[in-house]
Amino acid sequence: MNLNRLKFMVVGAACVLGLSSCNYNSLVDKQQSVDQSWAEVENQYQRRADLIPNLVATVKGYAAHEQETFTKVTEARAKATSVNIDVDDLNEETLARFQEAQNELTGALKSLLAVTEAYPDLKANENFRDLQVQLEGTENRITTARGRYTESVKDYNTSIKKFPTNIYAGWFGFDPKPQFKAAAGAEQAPTVQF
């Protein structure tokens with residue numbers, strides 16, 4: 001009986017040592033880093049969505065006849081804020097849906113800001129200038145948050161693909177995380193005419 005118990009203890013110790021070499025704890029840390037980075041991406045997109053109603057209201061005061069543009073911005077904002085992804089459901093498909101909604105909102109915002117060019121009084125309005133500066137800052141924060149997310153995902157995905165961790169990663173539910181992709185047409189530089 002003592003020999004069986006000794007064999008059981010040796011096998012148990014080997015299993016524990018084998019699991020420690022699979023880097024389980026470091027994978028948990030890396031997954032948490034991805035989760036945190038994703039939360040920051042969502043936070044910055046929410047900040048942008050929160051600024052939009054004030055921006056639209058300010059522009060409406062000067063450009064009331066631009067109703068179609070306001071409607072597009074409002075609809076795009078509603079769509080972008082309705083696409084919420086739980087970090088556990090983050091995959092290529094859900095990220096693409098999220099990114100598509102955000103790109104639509106970005107396009108609508110560009111249209112709104114283009115409309116403001118026709119209204120010099122609006123461009124001189126202090127509230128509008130403040131909102132525009134906040135929106136520009138938020139766009140920079142979004143870029144930074146997306147960059148951090150991308151780095152976290154790269155580190156995590158690389159870790160789960162390395163040997164011998166790749167053997168254990170799937171057993172414990174460590175699946176690859178998706179990356180952002182460039183918007184369609186982003187490879188072409190915009191045309192500038194003077």
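Predicted model: local features only at pLDDT ≥ 70, side-chain atom pairs only at ≥ 80, totals over all residues.
Let's start with two helices. Please find α2, residues 24-62, and α6, residues 126-161. Their axes come within 8 Å. They cross at roughly 160°. That angle is over 145, so α2 runs roughly antiparallel to α6. The crossing of α2 and α6 is left-handed. What sits in the contact of α2 with α6, by class? There are 17 nonpolar, 11 polar and 9 charged residues.

α4 covers residues 92-116. α4 and α6 pack at an angle of about 155°. Their axes are 13 Å apart. Again the angle is over 145, so α4 and α6 are roughly antiparallel to each other. This crossing, too, is left-handed. Who makes the contact? From α4, we have Q99, L109, L113 and T116. From α6, we have F128, Q132, L135, E139 and R146. Sorted by class, the contact of α4 with α6 has 4 nonpolar, 3 polar and 2 charged residues.

Now the core. In soluble globular proteins, nonpolar side chains tend to be buried together. Here, the largest nonpolar core holds 41 residues. Which of them touch the most other members? They are W38, V41, L112 and Y149. Four helices, α2, α3, α4 and α6, each supply at least two residues of this core. α3 spans 67-82. α2 gives the most, with 10 residues.

Let's zoom in on V41. Set aside residues up to four places away in sequence. V41 then touches F98, A145, R146, Y149 and F180. Y149 is also on that list of core residues with the most contacts to other members. R146 came up in the contact of α4 with α6.

Next, a serine. S152 is found in helix α6. Is S152 buried or exposed? Its relative accessibility is 11%, and buried means under 20%, so S152 counts as buried. Beyond its neighbours within four places in sequence, S152 is in contact with S33, V34 and S37. Look at K30 as well. S152 and K30 are 122 residues apart along the chain. Yet their C-alpha atoms are separated by 7.1 Å.

Last stop, a proline. P164 lies in the loop between α6 and α7, and α7 is 165-169. The peptide bond from F163 to P164 is cis. Its omega is near 5°.

Key: Residues numbered from 1 in each chain as written. Heavy atoms only, no water. Axes fitted to C-alpha atoms, helices over the stretch in contact; angles between N-to-C directions. Parallel < 35°, antiparallel > 145°, perpendicular 65-115°, else oblique. Left-handed = near helix turned anticlockwise from the far one by under 90°. Nonpolar A, V, L, I, M, F, W, Y, C, P; charged D, E, K, R; others polar. Core = buried A, V, L, I, M, F, W, Y, C linked by side-chain atoms within 4.5 Å. Buried < 20%, exposed > 50% of the residue type's maximum accessible area, 1.4 Å probe, protein only. Contact = heavy atoms within 4.5 Å.
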